[in-house]
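Q: I am new to this structure. Please pick one part and take me through it closely.

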Amino acid sequence: MEDDEGGEKSGFIIGMIGNRAKEVGVAAFDLRSALLRLSQYIENSSSYQNTKTLLHFYDPLVIIVPPNKLAPDGMVGVSVLVDKYYSATKKVMLANGFFDDTKVL
């Protein structure tokens with residue numbers, strides 16, 4: 001997402017995780033407005049098209065993902081997707097435990 005005035009890159013940091021049920025959770029934090037947008041959806045295809053569309057829309061500065069994992073059906077994980085399509089974007093790896101929605105940091 002480019003700024004209309006200066007053509008700068010967006011100010012988003014994205015955190016994302018996927019599970020074996022093909023659910024994807026995305027947290028998009030806008031550094032400019034301090035707004036947090038949360039999304040959770042089921043990815044219908046092995047190409048992760050919904051996730052790629054969100055990443056393209058946010059054009060993040062940083063993407064936070066868990067370590068690489070492949071689903072049992074061969075579906076790639078979100079970390080592999082980031083490596084493949086967003087290699088120029090800074091990627092931060094965090095253990096799955098940091099994505100636990102039952103705990104507050």
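A: Helices (H or I, at least four residues) and strands (E, at least two) are DSSP runs, numbered from the N terminus. Along the sequence, the protein reads β-β-β-α-β-α-β. That gives two helices and five strands. The model is predicted: local features need pLDDT of at least 70, side-chain atom pairs count only at pLDDT 80 or more, and totals for chains, interfaces and linings use all residues. Residues are numbered from 1 along each chain as its sequence is written, and side-chain values use heavy atoms, with hydrogens and water left out.

Start with burial. Of the 105 residues in the protein, 30% are buried (under 20% relative accessible area; exposed is over 50%, partly exposed in between; 1.4 Å probe, protein chains only). A nonpolar core is a set of buried Ala, Val, Leu, Ile, Met, Phe, Trp, Tyr and Cys residues joined through side-chain atoms within 4.5 Å. The largest one here has 16 residues. Met16, Leu55 and Ile63 have the most contacts inside this core. Five elements each supply at least two of its residues: β1 (12–18), β2 (23–30), α1 (49–58), β4 (62–65) and α2 (78–85).

Now take Met16. Leave aside its neighbours within four places in sequence. Met16 is then in contact (heavy atoms within 4.5 Å) with Gly25, Val26, Thr51, Leu55, Ile63, Ile64, Val65, Pro66, Val78, Val82 and Phe99. Two of these partners, Thr51 and Leu55, are also buried residues of α1.

The buried residues of α1 are Thr51, Lys52, Leu55 and Tyr58. Seen down the axis of α1, they fall within an arc of 135 degrees, so they line one face of the helix. The arc is taken over the directions from the helix axis to the C-beta atoms. An α-helix has 3.6 residues a turn, so residues three or four places apart point the same way. What covers the buried residues of α1? The cover includes β1, β2, β3, β4 and α2. Just after α1, Asp59 takes a positive phi of about 45 degrees.

Strand β3 (residues 35–42) holds Leu38. Is Leu38 buried or exposed? Leu38 is exposed, with a relative accessible area of 65%.

Finally, the wider picture. Among contacts in the protein with a separation of 6 or more, 52% join residues 24 or more positions apart.
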